[in-house]
Amino acid sequence: MKHLIIEQCYMCSGIGNTSEHVPPKCIFPEIKDIGQDLRKNLIKVPSCRKHNNSKSGEDEFLLVFLASYFFNNEIGSQHLRGKVSRTLVRSAGKQIRELFINKGKLKEIKIDHHNSIIFGTPDLKRLSDIFETIAYGLYRHHFKQNFDGEIKVYFESLLYNDENSKKFNQFIVEKITKEVEGEDIFGRNPKVFFYQISKKSDENILGLRMSFYENFNVLIAYKKSSNIMYDAWIGIADTVYITTPSGDIKIR
Ligand SMILES: [Zn+2]
């Protein structure tokens, strides 16, 4: 007798009758592009059709962003020259411009005939939403249950123009980094992607670090329930003070 196991979608209460890669499969180079297999045992979670099909455009946006990021390892750079270049040629450079807001302010510096560096402000809202979805997927994969709470996304490697945002972001990034430092590395292709998760899962806030191409790191705070101290901690509260030996600093 066969038993049918019905699993729940990682994002909603719907039936997870498809499977979704977290992070998306496209960021893992194929053998034909890179000469080595970096698609071993990719992480998959059950997903309903809506949450699987709705974000293929977002997958491509993430791919172009990550592979274009200047300080990647060799795998990221090779992926940029291979698949990502093909994607860019197909969409005639539109994707690169889509990464940024204030498109009028983009600065481009040509390095040689083929390469140039573009400086601009990335669309952080769109990126945050994408990383938030990945964070839901990783939680489901790691704990075999859906995360029911709020997720906050912080970027380790991006520069913030505004001094207060910069300080606050740095504070959170350091806090989560300290929590996950030395923890096990999950992900079978760590040159492309791995994550680390805080062991103190009984606490109200759970920290996670995702690392892409060994260089672009995203920190996640999973907030399980509401509490004024934790709201301040992850930046929901209006005002946050940090106590230091030289006195309190108001950072928000
Ligand atoms: Zn769903």
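The structure is a predicted model. In it, a zinc ion is held by Cys9, Cys12, Cys48 and His51, and the site is tetrahedral. Elsewhere in this account, helix H3 and helix H6 pack at an angle of about 110 degrees.

**The zinc site**

- The zinc ion is coordinated through the SG atoms of Cys9, Cys12 and Cys48 and through ND1 of His51, at 2.1 to 2.3 Å.
- The angles among the four donor atoms run from 100 to 114 degrees, and the site is classed as tetrahedral.
- Along the chain, the donors of the zinc ion follow the spacing C-x2-C-x35-C-x2-H.

- Cysteine 9 counts as buried because its relative accessibility is 0%.
- Cysteine 12, which is found in the segment before strand S1 (18-21), has a relative accessibility of 24% and therefore counts as partly exposed.
- When its neighbours within four places in sequence are left aside, cysteine 12 is in contact with Cys48, His51 and Asn146.
- Histidine 51 lies in helix H2, which spans residues 49-53, and with a relative accessible area of 16% histidine 51 is buried, the cut-off for that class being under 20%.
- Not counting residues up to four places away in sequence, histidine 51 touches Cys9, Tyr10, Met11, Cys12 and Glu20.

**Serine 47**

- Serine 47 is found in strand S2, residues 44-47, and at 0% relative accessibility serine 47 counts as buried.
- Leaving aside neighbours within four places in sequence, the contacts of serine 47 include Cys9 and Tyr10, the run of Ile15, Gly16, Asn17, Thr18, Ser19 and Glu20, and also Asn52.
- Cysteine 12 and serine 47 are 35 residues apart in sequence, while their C-alpha atoms are 8.4 Å apart in space.

**Packing of helices H3 and H6**

- Helix H3 (residues 56-68) and helix H6 (residues 124-143) pack with their axes 10 Å apart and at an angle of about 110 degrees; because angles of 65 to 115 degrees count as roughly perpendicular, H3 and H6 are placed in that class.
- On the H3 side the contact is made by Gly57, Glu58, Phe61, Leu62, Phe65 and Leu66, and on the H6 side by Arg126, Leu127, Ile130, Phe131 and Ile134.
- Sorted by class, the contact of H3 with H6 has eight nonpolar residues, one polar residue and two charged residues.

Key. Residues are numbered from 1 along each chain as its sequence is written. This is a predicted model: local features need pLDDT of at least 70, side-chain atom pairs count only at pLDDT 80 or more; totals for chains, interfaces and linings use all residues. Side-chain values use heavy atoms; hydrogens and water are left out. Donors are N, O and S atoms within 2.8 Å of the metal (3.2 Å for Na, K and Ca); water is not among the atoms, so sites may look incomplete. Four donors count as tetrahedral if all angles lie between 85 and 135 degrees; four count as square planar and six as octahedral if opposite donors are over 155 degrees apart and all others between 65 and 115; anything else is irregular. Buried means under 20% relative accessible area, exposed over 50%, partly exposed in between (1.4 Å probe, protein chains only). Axes are lines fitted to C-alpha atoms, for helices over the stretch in contact, and angles run from 0 to 180 degrees between N-to-C directions. Helices (H or I, at least four residues) and strands (E, at least two) are DSSP runs, numbered from the N terminus. Angles under 35 degrees count as roughly parallel, over 145 as roughly antiparallel, 65 to 115 as roughly perpendicular and the rest as oblique. Contact means heavy atoms within 4.5 Å. Ala, Val, Leu, Ile, Met, Phe, Trp, Tyr, Cys and Pro count as nonpolar, Asp, Glu, Lys and Arg as charged, and the others, Gly among them, as polar.
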